[in-house]
Amino acid sequence: MRQEYIITAYTENHIGLLNRVTIIFTRRKVNIESLTVSESAIAGISKFTIVINEEKEKVVNIVKQIEKLIDVLKAFYHTNEEMIFQEIALYKVTTQALMDSDQIEKMIRSHNARILEITKEYTVIEKTGHKEETQALFEGLNQFGVLQFIRSGRIAITRSPVERLSEFLRERDALFTKMEAKAK
Amino acid sequence: MTTKNEKIKNSPKEPVEMSGSEAMIRSLVAEGVDTIFGYPGGAIMPIYDALYDFGHHVKHVLVRHEQGAVHAAQGYARVSGKVGVCFATSGPGATNLITGIADAMIDSTPIICITGQVTSGLLGTDAFQESDVIGISMPITKWNYQITSAEEIPEAIAKAFYIASTGRPGPVLLDITKDAQFGKLQFAYEKCTKIRSYVPEFPTDKKHLKKAADLINEAKKPYLIYGQGILLSGAEKELLSFIEKTGMPAASTLLGISALQSDHPLNMGMLGMHGNYAPNIKTNECDVLIAVGMRFDDRVTGNINTYAKQAKVIHIEIDPAEIDKNIKTDVAIVGDAKHTLRLLTTLVEEKKHTAWVNEFLQSRQKEHDKVIVNDLTPTKPGLTMGEVVRLSTDLTDNKAVIVTDVGQNQMAAARYARFDQSRLWVTSGGLGTMGFGLPAAMGAKFGAPEKEVILFVGDGGIQMTIQELGTISQENLPVKIVILNNDFLGMVRQWQELFFEKRYSFTEITSPDFVKLASAYGIPGASVSDRKELETAMKEMINAKGPYLLEVKIEQEDNIFPMVPAGGTVSRCLLGADEL
């Protein structure tokens with residue numbers, strides 16, 4: 001059954017790695033719905049958050065292929081239910097539309113959005129949430145004309161209490177120590 | 001007076017200032033490189049200039065095309081077990097390596113390709129002979145890296161060797177800009193032993209090992225299939241002890257050939273599309289299938305939905321990404337074949353499965369009567385590929401390195417060559433690269449100079465990389481070339497005959513006079529088409545001190561059988577066209 005999966009990967013921060021990761025998807029003709037890469041809590045280690053719509057079997061295969069890359073420390077996959085995730089969206093509307101009625105103001109309140117900047121010509125609104133939520137606000141605002149709209153890729157953290165990376169790095173250190181001891 | 005050459009044996013303890021190019025060559029020497037296949041050009045000239053001083057340590061072989069260099073590096077690696085190294089310049093030099101890199105990737109061959117690149121300031125400007133070889137080779141390398149300053153060279157080379165040769169081996173490409181070659185650095189060399197994001201081999205899971213042993217001990221019809229993993233991990237002895245203790249029959253993938261002696265009583269032959277009859281059909285009759293160091297390629301499995309469904313499948317494999325990729329396993333043991341088999345052998349009971357082994361032998365007899373007898377002792381006048389191949393290994397006591405190209409020549413060689421030792425078999429498996437044979441044979445001879453190297457190649461494949469006759473001639477390299485000439489692209493013609501109503505669309509191919517051509521290169525040769533002349537001609541070829549080309553004109557429209565048609569089931573392995 002195809003469903004949304006969130007793939008997360010911890011990698012060295014090396015040039016070209018983004019390319020190496022994404023061609024794994026391209027080769028299998030899997031579309032990436034959303035992709036975010038940024039530095040993790042540990043300096044020098046990047047975190048990829050990739051959303052795809054696929055069957056589990058294929059997701060497992062892709063995660064193994066990602067993990068096989070030399071510069072990848074560890075990769076995981078999760079269903080949406082297993083993670084807390086957010087996206088951020090920015091909307092630009094005319095300030096005139098904001099002044100003409102109280103509709104936009106009400107929408108901002110009811111969607112828990114906020115205003116980032118107001119100029120004479122335009123107003124920029126920010127909303128974080130799931131895609132359906134940022135989309136709902138877009139559709140609401142668009143009744144008054146949205147000049148510009150942008151939505152970020154997804155960011156996500158697991159529901160487990162520990163950061164899996166630190167746990168993983170500890171395990172790997174232990175593995176290397178064991179291997180070195182064995183080699184001697 | 002000590003020369004430069006004498007001083008370079010050991011890498012300096014204290015850093016010494018030198019150019020990037022010299023550091024590159026010294027790093028290779030420190031890694032034990034003795035042979036480099038390459039072709040110079042603008043962007044790699046500083047490295048070639050440095051190489052000029054290192055003639056006593058490193059043999060450079062000037063190929064005639066970069067594809068020849070990379071296949072030669074593969075052939076070298078496959079027979080020697082060492083990392084094969086090749087050099088090419090930027091742009092077209094680098095792109096000409098691509099086929100061989102893809103071949104090495106899919107066949108897990110450790111090679112390092114070093115390509116020159118335009119000066120770093122020119123990167124991305126469409127400079128003369130600039131190509132994005134890092135981008136191009138990304139999906140077909142285990143690792144690649146662009147070096148843009150001299151200081152990076154020793155570490156990058158050390159990493160390249162570590163990555164190429166450990167775990168599941170594979171190709172590494174290093175792209176080095178011209179300014180990095182000219183630049184200076186303080187050189188000291190240290191081998192790489194650890195990369196925190198890369199675990200070449202995971203420790204064996206003892207629980208899984210025990211589960212596997214239990215399954216094997218309870219099995220009535222256990223069957224072991226093995227691949228190149230045996231050769232890559234040096235597990236030939238462990239494989240032997242394991243099958244002898246458990247008394248189970250074993251069969252090889254195309255790339256696993258020569259890991260087990262051909263005439264071992266438990267060696268049942270080869271799996272796959274044109275493999276032997278018994279190994280294929282017994283896959284669907286065994287109760288426990290133990291797969292070691294192989295990846296369930298579609299040419300081995302046929303239709304995966306009808307593959308070994310009745311059996312418990314145990315998969316021993318170093319690459320975790322191969323587990324459950326094609327065939328779902330009941331027990332998976334991630335680890336190298338040598339360690340894992342050694343551990344597993346201690347846990348299994350000594351057994352004899354005489355009745356089960358006899359079933360294999362009966363099936364073998366069936367194949368013998370219907371196929372092998374016609375291939376090896378034909379009654380029709382036309383020569384068969386099988387009889388030519390078998391004669392060559394008979395005359396060399398099964399001790400020759402057999403290299404093949406791709407197609408019918410390859411399948412005939414895989415089926416009929418006999419091997420007494422391991423690492424005697426070099427072929428392009430996963431990628432099926434026509435044109436692989438001649439340059440790979442060249443590399444194999446450099447990798448195992450003490451062994452006889454015999455190439456089997458078709459009239460199609462030889463013409464893809466025939467320019468390497470020039471290299472063989474210049475090196476006076478004793479490679480024995482057997483062209484199995486049927487004036488067709490034989491394997492495609494076979495498929496056209498069987499599956500495309502004999503519509504021979506563009507498979508008839510003409511050839512030059514191969515003997516004359518060889519002669520133009522100063523290589524002696526002969527052409528035979530008569531069975532009576534074959535043995536004498538073959539002996540003359542084997543006895544030749546230098547290179548030799550023997551063209552054998554064989555039956556034009558012979559087919560390779562048995563055959564599991566693409567997507568078919570392994571239990572329906574056809575012994576002839578009449579069974580289609």
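This is a predicted model: local features need pLDDT of at least 70, side-chain atom pairs count only at pLDDT 80 or more; totals for chains, interfaces and linings use all residues.
Residues are numbered from 1 along each chain as its sequence is written, and chains are lettered from A in the order in which they are written. Local features need pLDDT of at least 70, side-chain atom pairs count only at pLDDT 80 or more, and totals for chains, interfaces and linings use all residues.

**View 1. Chain A as a whole.**
Chain A has six helices and nine strands. Helices (H or I, at least four residues) and strands (E, at least two) are DSSP runs, numbered from the N terminus. The C-alpha atoms fill a box of roughly 80 × 35 × 30 Å along the principal axes. The radius of gyration of chain A is 21 Å, while a compact globule of 184 residues would have one near 16 Å. This radius is taken over C-alpha atoms, and the globule rule is 2.2 Å times the number of residues to the power 0.38. Of the 184 residues, 23% count as buried. Buried means that 20 or more other C-beta atoms, placed from the backbone, lie within 10 Å of the residue's own.

**View 2. The largest nonpolar core.**
A nonpolar core is a set of buried Ala, Val, Leu, Ile, Met, Phe, Trp, Tyr and Cys residues joined through C-beta atoms within 7 Å. The largest one has 198 residues, and B:Cys86 and B:Ile112 touch the most other members. Helix 8 (residues 153-165) of chain B gives the most to this core: eight residues. A second, separate core has nine residues, among them A:Ala89, A:Tyr91, A:Ile108 and A:Leu141.

**View 3. Around B:Ile112.**
Two residues are in contact if their C-beta atoms, placed from the backbone, lie within 7 Å. Neighbours within four places in sequence are left aside here. B:Ile112 then contacts B:Val83, B:Val85, B:Ala160, B:Phe161, B:Ala164, B:Val172 and B:Leu174.

**View 4. Where chain A meets chain B.**
Here 18 residues of chain A are in contact with 17 residues of chain B. On chain A, helix 1 (17-27), helix 2 (56-68), strand 4 (72-79) and helix 6 (164-183) each supply at least two residues of the touching side. That side has six nonpolar, four polar and eight charged residues. Ala, Val, Leu, Ile, Met, Phe, Trp, Tyr, Cys and Pro count as nonpolar, Asp, Glu, Lys and Arg as charged, and the others, Gly among them, as polar.

**View 5. Domains of chain B.**
An automatic or database domain assignment supplies the bounds. Chain B has domain 1 (4-187), domain 2 (206-359) and domain 3 (381-554). The centres of domain 2 and domain 3 of chain B, taken over C-alpha atoms, are 31 Å apart.

Terms used
A residue is buried if 20 or more other C-beta atoms lie within 10 Å of its own, exposed if 12 or fewer, and partly exposed in between; C-beta atoms are placed from the backbone.
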